[in-house]
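User: I have a model open and want to go through it with you. Can you take my questions as they come?
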Amino acid sequence: MKTLFGSLLALCMTTAVFAECQRPSAPALPEGASADMPAMVEGQAAVKAFVADGNAYLECLQAEAAALKEAGKGEDEEAAAARLASYNGMVDEMNAVAGQFNAEIKVFKARQ
């Protein structure tokens, strides 16, 4: 029970701390086995936009941390760990989406 409460509290604190930074949602990707060229091009644009939005989110997290430090309001260890986890999670998700799209491109090209 304490673990659940602690996790919920950490989630609430994370949301409050990172309220200014909007984490983007991953786009739906076309299936290379059945998509046509326009769908693949649209998927590519969606992935590029997601990566750009993801980079903006990462920059926002860094700016928030720097602003706290500059204001003399250091983060406690939990908040710093939550920010780092959010940052790393976004990087992992961006890499996963790009990798998944590249795999769909290979399937699409194999059909040509």
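User: Arg83 first: buried or exposed?
Analyst: Arg83 counts as buried, at 5% relative accessibility. Buried means under 20% relative accessible area, exposed over 50% and partly exposed in between, with a 1.4 Å probe and protein chains only. This is a predicted model, where local features need pLDDT of at least 70, side-chain atom pairs count only at pLDDT 80 or more, and totals for chains, interfaces and linings use all residues. Residues are numbered from 1 along each chain as its sequence is written, and side-chain values use heavy atoms, with hydrogens and water left out.

User: Which side chains meet Arg83 in a salt bridge?
Analyst: Glu64 does, at 3.2 Å from N to O, and Glu75 does, at 2.9 Å. Shared partners join Glu64, Glu75 and Arg83 into one network. A salt bridge here is a side-chain nitrogen of Lys or Arg within 4 Å of a carboxyl oxygen of Asp or Glu.

User: And how accessible are Glu64 and Glu75?
Analyst: Glu64 is buried at 13% relative accessibility. Glu75 is partly exposed at 28%.

User: How many salt bridges does the structure hold?
Analyst: Three. One of them pairs the side chains of Arg23 and Glu93, 3.0 Å from N to O. Arg23 lies in the loop between helix 1 and helix 2 and Glu93 in helix 3, so this pair ties together parts 70 residues apart in sequence. Arg23 is partly exposed, with a relative accessible area of 35%, and Glu93 is partly exposed at 24%.

User: Back up a bit. What is the order of elements?
Analyst: From the N terminus the chain runs α-α-α, with three helices and zero strands. Helices (H or I, at least four residues) and strands (E, at least two) are DSSP runs, numbered from the N terminus.

User: What is the mean pLDDT?
Analyst: The mean pLDDT of the protein chain is 87, and 83% of its residues reach 70 or more. Over residues 1-16 the pLDDT is below 50, and that stretch has three contacts in the model beyond near neighbours in sequence. pLDDT is the predictor's confidence in each residue, from 0 to 100, and contact means heavy atoms within 4.5 Å. Where pLDDT is low, the predicted coordinates should not be read in detail.

User: Which cysteines form the disulfide?
Analyst: Cys21 and Cys60, with sulfur atoms 2.1 Å apart; the cut-off for a disulfide is a pair of cysteine sulfur atoms within 2.5 Å. Cys21 is in the loop between helix 1 (2-17) and helix 2 and Cys60 is in helix 2, so the bond ties together parts 39 residues apart in sequence.

User: Why is it left-handed?
Analyst: Because the torsion about the S-S bond of Cys21 and Cys60 is about -90 degrees. Cys21 is buried, with a relative accessible area of 6%, whereas Cys60 is partly exposed at 21%.

User: Now the largest nonpolar core. Which residues touch the most other members?
Analyst: Tyr57 and Met90, out of 14 residues. Helix 2 and helix 3 (77-111) are the elements that give two or more residues to this core, and helix 2 gives the most, with six. A nonpolar core is a set of buried Ala, Val, Leu, Ile, Met, Phe, Trp, Tyr and Cys residues joined through side-chain atoms within 4.5 Å.

User: What is Tyr57 in contact with?
Analyst: Leaving aside neighbours within four places in sequence, Tyr57 contacts Cys21, Gln22, Arg23, Pro24, Ser86 and Met90.
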